[in-house]
Amino acid sequence: MVTKRNSLRLAAVAALGALFLGTAGTAMAAAPAATGPDPVAATAPVASASVASASVSAGITAKPSVTSVQAWQLFRVTGTTTGLEAGSTVTLQQKQHGTWVTLPASVHTTRNGSYSLGVKLGIKGLNELRIVSGNTASPVFTVTVR
């Protein structure tokens, strides 16, 4: 039986696990590095105040269905989100003259955090794109428009 207390414990353990995993292999600007050799010590009652403030870092993946298209040809960008609420809006941005411009292409994420977005681009050449939701952005990907 899953109780509210157990759910909170699981959420705290998941958040700490993600925090330690993130500091082990990837750069996370907002996450402090683990200071002790025993990650279990971080779940001690003295650290309970920091557990409430520790949050899972949000992330977005993005993969275009093609790398090259004709102008205004429909293609899809699919991906997943982590650390965002289900139903969050994800939006396509394009780099234009060194500035990220929000395009009129957005969709809500599913219950499991995935999304699929139909896209048509008209600016010919190499287009740098990314998917954003709030302050979270996917890695940049490119699509060439012929």
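Strands here are DSSP runs of E, at least two residues, numbered from the N terminus. Buried means under 20% relative accessible area (1.4 Å probe, protein chains only).

Basis. This is a predicted model, in which local features need pLDDT of at least 70 and side-chain atom pairs count only at 80 or more, while totals for chains, interfaces and linings use all residues. Residues are numbered from 1 along each chain as its sequence is written, and side-chain values use heavy atoms, without hydrogens and water.

Phe75. I listed its contacts (heavy atoms within 4.5 Å). Leaving out residues up to four places away in sequence, Phe75 touches Pro64, Ser65, Val66, Val69, Leu117, Gly118, Val119, Leu121, Leu129 and Val143.

S10. Phe141, Val143 and Val145 form the covered face of S10, Thr142 and Thr144 the uncovered one. S10 pairs with S8 in the antiparallel sense over five bridges; pairing takes at least two DSSP bridges. Asn127 has Val143 as its bridge partner. Strand S3 (residues 68–69) pairs with S10 in the parallel sense over two bridges, with Ser68 opposite Thr144.

Confidence. The chain averages a pLDDT (the predictor's confidence in each residue, from 0 to 100) of 75, and 62% of the residues score at least 70. Over residues 1–54 pLDDT stays under 50, and the model has 23 contacts beyond four places in sequence for them.

Terms used: Buried means under 20% relative accessible area, exposed over 50%, partly exposed in between (1.4 Å probe, protein chains only). Helices (H or I, at least four residues) and strands (E, at least two) are DSSP runs, numbered from the N terminus.
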